[in-house]
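User: Can you walk me through this one? I'd like the overall layout, then some details.

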Amino acid sequence: MIGGTGTLLFPELSFSNSVFDRNYSDNMGLQLWSVGDLFRADKDNTIANIAKIGFKHIELPMFTSVESLARILDNYNLSATSRHFPFAYATGDWSFFPKYNLPIPEIKEFESVVEDASKHGLKHLVMPYLFPEERGNIDHYKLIAEKLNKMGEICQKANIQLNYHNHHFEFKPIGKTTPFEIIKNETDENLLTFQIDVFFVCLMGLNPTDLINNLESRVKSLHLKDLNRRIAKNNLITVMKNKPISEIWNETVELGKGIVDFKSILLAAKENNIENCYVEVEGTQSNSFEVLEQSFKYLKSIES
């Protein structure tokens, strides 16, 4: 990928105005989804290995409360800094969850998610995915934005920031716009910020560094995930157009083995004071401590 402009061309420059005095790799997070199968099989051993690799904090996937992990995390000096939650908390429509073998929570009020996060000191909640059943036309995405604003208000009262996590479909054109543009423009910048998944941005032939710089303070965290080198940039959209998300996930690789320019991305993150970065590995590369360790070492090497 093409790097950004300005100071991004000169990694030796210091960021004296940044709130960060150290590298992201010194305070790297992990999206727990990356080791979901291992975690379900042995929670304690999984968290122990995450800490041993060098991760300092984690982000919880959609159906894992902070309360359920608080004791184990504390045992290994790890903290939870963010949690994902399904959009069904806003719509009340859980009808399609059995189709994806997803659990339906007993308590279906969004306030319960906010309360769990607030109790354990989380500053971020993330709406990570719109299922196909939750997507629609331009007017529908405007309604989604309206609901996100309302959820953002609930979060704000608890001193928590609501974030939206992108996939690839948000960048597919609808008329003269895209779902991402609609969500960005129709939401209050104080009520909704973004968690940028750099893998999916690259998947659509876009430059994550440019997107980060364009959004500036509206980006609060990143998902660091690499894209298989065998996918040429000029045919990304064609290759992936009709593939299900499960197959797209299989195009993730160990960080540093793909096409994503993480050095430029991390420099842009510092320049824009992005708070947290989370390594994420999905598909066939997931559930591997070795892949996570090598990915972590790679990030260390490019920031040293």
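User: What kind of model is it?
Analyst: It is a predicted model.

User: How many helices and strands does the chain have?
Analyst: There are 13 helices and 10 strands.

User: And what share of the residues is buried?
Analyst: Of the 304 residues in the chain, 52% are buried. The chain exposes about 13900 Å². Carbon and sulfur atoms supply 48% of that area.

User: Which contacts should I know about, in terms of sequence separation?
Analyst: Take the contacts between residues at least 6 apart in sequence. Of those, 80% join residues at least 24 apart.

User: What is Ile196 in contact with?
Analyst: Leaving aside neighbours within four places in sequence, the partners of Ile196 include Asn166, Phe180, Val201, Leu211 and Leu215. Val219, Ser221, Leu222 and His223 are also in contact with Ile196.

User: Phe180 came up there. Which residues are buried in helix 7?
Analyst: Helix 7 covers residues 179–186, and Pro179, Phe180, Ile182 and Ile183 are buried in it. Those buried residues fall within an arc of 165° seen down the helix axis, so they line one face of helix 7.

User: Switching to aromatics. How many aromatic pairs turn up?
Analyst: The search of the whole structure finds 18. One of them is Tyr164 with Phe194, which is edge-to-face. Their centres are 6.5 Å apart, with 75° between the planes.

User: Where do those two sit?
Analyst: Tyr164 is in strand 5 and Phe194 is in strand 6. They are 30 residues apart, so the pair links distant parts of the chain.
Analyst: Phe180 is in helix 7 and Phe194 is in strand 6, 14 residues apart.

User: Buried or exposed, Phe180?
Analyst: Phe180 counts as buried, at 2% relative accessibility. Phe194 is at 0% and counts as buried too.

User: Which residues form the aromatic cluster with Trp94?
Analyst: Phe63, Tyr89, Phe96, Phe97, Tyr100, Tyr129, Phe131 and Phe169 form one cluster with Trp94.

User: Cysteines next. How many disulfides?
Analyst: The search of the whole structure finds 0. Cys155 is buried, with a relative accessible area of 0%. Cys202 is buried as well, also with 0%.

User: Last one. Where is Asn276?
Analyst: Asn276 is in strand 10, residues 276–279. At 10% relative accessibility, Asn276 counts as buried because the cut-off is under 20%.

User: What does Asn276 touch?
Analyst: Not counting residues up to four places away in sequence, Asn276 touches His57, Thr81, Lys220, Ser221 and Leu222. The C-alpha atoms of Asn276 and Met28 are separated by 7.4 Å. Along the chain, Asn276 and Met28 are 248 residues apart.

Terms used: Residues are numbered from 1 along each chain as its sequence is written. This is a predicted model: local features need pLDDT of at least 70, side-chain atom pairs count only at pLDDT 80 or more; totals for chains, interfaces and linings use all residues. Side-chain values use heavy atoms; hydrogens and water are left out. Helices (H or I, at least four residues) and strands (E, at least two) are DSSP runs, numbered from the N terminus. Buried means under 20% relative accessible area, exposed over 50%, partly exposed in between (1.4 Å probe, protein chains only). Contact means heavy atoms within 4.5 Å. Accessible areas come from the Shrake-Rupley method with a 1.4 Å probe; for residues, only the protein chains shown count as cover. The arc is that of the directions from the helix axis to the C-beta atoms. A disulfide is a pair of cysteine sulfur atoms within 2.5 Å. Rings of Phe, Tyr and Trp (its six-membered ring) pair if their centres lie within 6.5 Å; planes under 30 degrees apart count as stacked, over 60 as edge-to-face and the rest as tilted.
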